[in-house]
Amino acid sequence: MSDDEMDLDDGPVDTGITFSTIEAKGKRSAANLPVEVGDSLPWVEKYRPQSLDDVSGHEDILTTINKFIDQNKLPHLLFYGPPGTGKTSTILALARRIYNTKSEAALRHHVLELNASDDRGIDVVREQIKTFASTKQIFSSAKLEPTNTTSSIAQFKLIILDEADAMTSTAQNALRRIMEKYTSNVRFCIIANYTHKLNAALLSRCTRFRFSPLPIPALRRRVEHVIESEKVRIDDTAVDALLYLSRGDMRRALNVLQACFAGSTPLDKNGVALSGPDVQRELITETSIYDCVAAPHPEDIQAIMNTLLTEDMTTALITVNRIKTLKGLALTDILQAVAEELCRLEVKPHVRVQWLAGMAEIEGRVAAGGNESIQTAGFAGVVKAGAEMIAKG
Ligand SMILES: Nc1ncnc2c1ncn2[C@@H]1O[C@H](COP(=O)(O)OP(=O)(O)OP(=O)(O)O)[C@@H](O)[C@H]1O
């Protein structure tokens, strides 16, 4: 029997997917928590979007999803894209809209969330899905009251398979069979970072949505909302640096902001952070943001660029190594920042190619464990070679 033919009653198959219900993840929602609990939550959870309107960016995806609901259609969904872009938040907000409830307890009757990265077998998952999918939707006051705004797709149950790209191919094969078996009363939402790790048969059963890294304005909207709600003292250049360094990842933006906020809060004599409206916090500056993410400061990158483009190789190498040691920078961080700066320069295409191809090669060697100081010299050589091409015209 092929994997594809495997039935739900088959014996255990090792897969690497596991079960965690929305109950466990219910901690995510700050909305239903008492204030003091909500206050101790990480901001990424406290400010997790509760409705589709709270989701920043991804306008096209949200329009399509809203249309599905308006037309009472819900295909199996696949949300994929880099971390921290709102895949999980969007499906949870979608579930609240479909089932017309904000209560985690009510949602628990309709939504099962499975996380593939915890290590339990497909046999466990199969059992959980089987039990969950085979119980009928019953509308009661304890669960859902169908209202004018509750669409008929609320009759379907929703199973969210998070981090599905961590599933073995055996598990994925078993899963497509499960999806078919329960299509009459269950819709699946598969969430993954990379689609190339998902098998084609699984992909073809879902409508795919790619969650791209969030653009700066989308990040800004949410980050400014948090700054205002938490009364964070931060200057404008620091906000710009935060958004730039987050590289489209909202989770990263909020985590860095919260870390800087904690760093800006004075401590009492026992080393405990002071709290309350009267606490005078330090202003968060651009420097605090760069320090928090351990990214090279723009002035250091400028100094490295200047020396590489204008001074001789020996001087340039000494300067680069001095800045690296003084600021504790890794070559990979410097490579990324310098590559971005070099791309901003107006140079002939063959110079740009020389720089980018050379630096990509060095980045690969560093990732493969190449010697840091030899690769630093190689990096200096690549940039200087480009500078010489410019000088020759
Ligand atoms: N588009 C967004 N709008 C508003 N908040 C967002 C958005 N994307 C992410 N966030 C914030 O970042 C946190 C993490 O988001 P979420 O778990 O939805 O990301 P994800 O794309 O599923 O990431 P992963 O692939 O790592 O699971 C959320 O709790 C929320 O606070």
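Helices and strands are here DSSP runs, numbered from the N terminus, with a helix (H or I) having at least four residues and a strand (E) at least two. In this predicted model, that numbering places N100 in the loop between α5 and α6 (104-108).

The phi angle of N100 is near 55°, a positive value in a residue other than glycine. N100 has 16 other C-beta atoms within 10 Å, and therefore counts as partly exposed. K231 also has a phi near 55°, again positive and again in a residue other than glycine. This lysine, K231, lies in the loop between α10 (216-230) and α11 (236-246). K231 counts as exposed because it has 10 C-beta neighbours inside 10 Å.

On the scale of the whole protein chain, the domain assignment gives domain 1 (3-210), domain 2 (216-293) and domain 3 (298-392).

Of the 23 residues around the ligand, P83, G86, T88, S89 and M250 come nearest. Two or more shell residues are given by each of α3 (43-46), α5 (87-98) and α12 (250-263). By class, nine residues of the shell are nonpolar, nine are polar and five are charged.

Strand β4 (residues 157-162) is mostly covered, and six of its six residues are buried. In a regular strand the side chains alternate between the two faces of the sheet. In β4, K157, I159 and L161 point one way, while L158, I160 and D162 point the other way, and all are buried.

Which strands does β4 pair with? Strand β3 (residues 111-115) is joined to β4 by five bridges, and the two run parallel. Within this pairing, E113 stands opposite I160 in β4. Five bridges also join β4 to strand β5 (residues 186-192), again in parallel. There the bridge partner of L161 is I190 in β5.

Methods
Residues numbered from 1 in each chain as written. Predicted model: local features only at pLDDT ≥ 70, side-chain atom pairs only at ≥ 80, totals over all residues. Domains from an automatic or database assignment. Buried ≥ 20, exposed ≤ 12 C-beta atoms within 10 Å, placed from the backbone. Pairing = 2+ DSSP bridges. Near = placed C-beta within 6 Å. Nonpolar A, V, L, I, M, F, W, Y, C, P; charged D, E, K, R; others polar.
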